[in-house]
Amino acid sequence: MTALFQTYARWDIEPKKAEGAWMTSTEGKKYLDFTSGIGVLNVGHQHPAVKKAVKEQLDSFWHVSNLFKSSGQERVARLLADKTGLSRVFFANSGAEANEAAIKLARKATGRSKIITCTQSFHGRTFATMGATGQDKVKQGFGPMLSSFEYVPFNDVNAIKKAVDTQTAAVMLEIVQGEGGIYVVQQEYLDTIQTICRETGALLIIDEIQTGIGRTGQAFAFQHFQVKPDIVTLAKGLGNGLPIGAMLGSEALADYFGPGSHGSTFGGNPVSVAAAEAVLQIVFEEQFLQKVSEKSAYLFEKLHTAFKESNEVQEIRGIGLMVGIECTSEVSGYVKELQNVGILVLNAGPKVIRLLPPLTAEFTEIDLAVEKISEILKIKETV
Ligand SMILES: *Cc1c(COP(=O)(O)O)cnc(C)c1O
């Protein structure tokens, strides 16, 4: 009998040791990890610089509370602010909490409560962020949601024009829908959102929890597009496995989050902040991001070649190292079979295989993953 609530459909694998893109199970089986802890370990398992920063912080102190000054938080906030042009940062512990902060700030700053999000979006599992999420399966059984959310189809220009009005506090969306199936936003859609937000005074919140921190080959996915968000939320890759989330906002919003307005006991924990600082020093390097784009081009090219003639693969989508392979059939069997041959991948909805390799993965590791995926999907590479 388990003492755990069975909230996760867990795999039959228990990790014992992991390094870089590789994990060894307690049974001694080696796996190439193209899940990165669901887009978290962007610089790989046990990155030496992150480990060093965490160890050094542990040797100094590991918690004091936000009643004290924190030069670590100041430095990480400065790195994030300089890279986004959003000059204020609030630290939380998770993605859902970062989005909670965004929702609270948008409501307070505008004095309005309606927030428009997209169908198939994912924004978290707290009451507000579950309400923001545009997927019914996340909400089943929990009774009435926070009533302030309305949903529009992703990339539907006319629907967003109709939905946003002078009662709207914010529009909230992902640049690439992660959990929803790896769907990439279109520039025209962002243009429409920007215009309608400007006309109505609504704010634009971009959820970069999965897409941020170099995942797409830019520091933040919105930087692939012409768009200027008022608020950006982060978590997953920020601490490379140490729990930390962040909400970034424009200077115009600063006064609405003053003393006593919001907070978190653990938010901006010194150990997580030390990890985040080490992560950002690596990931924000132009050469590092350039390399991610090269690996991405290589991975997409290999996948397109492998599945050119395939009836099973319908579409290959994504940006950077956030990749979806849409199949004709359900993919849960493939995910299991890939585990058997030593490759860990995710799904995104029932029919999409999702690849989120560490951004530090080698070209040879990409080769291996594509080789095994094409074998399992029964396609012979036409080399
Ligand atoms: C994972 C995720 C969240 C929720 O993050 P948690 O840390 O699990 O609360 C929110 N938005 C997006 C886009 C995500 O991918």
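Helix 4, residues 95-110, gives the shell around the ligand its largest share, three residues. Helices here are DSSP runs of H or I with at least four residues, strands are runs of E with at least two, and both are numbered from the N terminus. Before I go on, this is a predicted model, in which local features need pLDDT of at least 70 and side-chain atom pairs count only at pLDDT 80 or more, while totals for chains, interfaces and linings use all residues. Residues are numbered from 1 along each chain as its sequence is written, and side-chain values use heavy atoms, with hydrogens and water left out.

The ligand site, then. The shell consists of Ser94, Gly95, Ala96, Asn99, Phe122, His123, Gly124, Glu174, Asp207, Ile209, Gln210 and Lys236.

With Phe122, a backbone N or O atom lies 3.2 Å from a ligand nitrogen. With Lys236, a side-chain N or O atom is 2.6 Å from an oxygen of the ligand. Taken alone, the ligand exposes 380 Å², and the protein buries 80% of that. Those areas come from the Shrake-Rupley method with a 1.4 Å probe; for residues, only the protein chains shown count as cover. A polar contact is a pair of N or O atoms within 3.5 Å; within protein, one must be able to donate a hydrogen and the other to accept it, and residues adjacent in sequence count only if both atoms are side-chain atoms.

Back to Ala96, which lies in helix 4. Ala96 counts as buried because its relative accessible area is 17%. The cut-offs are under 20% for buried, over 50% for exposed and partly exposed in between, with a 1.4 Å probe and protein chains only. Not counting residues up to four places away in sequence, Ala96 touches His123, Gly124, Arg125, Thr126 and Thr129. Contact in this talk means heavy atoms within 4.5 Å.

Next is Ser121, in the loop between strand 5 (114-118) and helix 5 (127-132). Is Ser121 buried or exposed? Its relative accessibility is 2%, so Ser121 counts as buried. Its side chain reaches the backbone oxygen of Cys118 at 2.6 Å. A polar atom of that side chain also lies 2.9 Å from the backbone nitrogen of Gly134. With neighbours within four places in sequence left aside, Ser121 is in contact with Ala132, Thr133, Gly134, Gln135, Glu174 and Gln177.

Now the backbone angles. Asn155 is not a glycine, yet its phi is positive, at about 70°. Asn155 is found in the loop between strand 6 (149-152) and helix 6 (157-163), and at 18% relative accessibility Asn155 counts as buried. Ile182 also has a positive phi, near 60°, in a residue other than glycine. The loop that holds Ile182 runs between strand 8 (176-177) and strand 9 (183-184). Ile182 is buried, with a relative accessible area of 0%.

Two further loop residues. Asn269 sits between strand 12 (245-249) and helix 8 (270-283). From its side chain to the backbone nitrogen of Val271 is 2.8 Å. Apart from residues up to four places away in sequence, Asn269 touches Trp62 and His63. Asn269 is buried, at a relative accessible area of 17%. Ala202 lies in the loop between helix 7 (187-200) and strand 10 (203-207) and counts as buried at 6% relative accessibility. Ala202 and Ala106 are 96 residues apart in sequence and 8.5 Å apart in space, C-alpha to C-alpha.

Last, the domains. The assignment for the protein chain gives domain 1 (15-46 + 286-382) and domain 2 (48-283). Such bounds come from an automatic or database domain assignment. Their C-alpha centres lie 26 Å apart, and the contact takes 31 residues from domain 1 and 29 residues from domain 2.

Technical notes:
Near = heavy atom within 4 Å.
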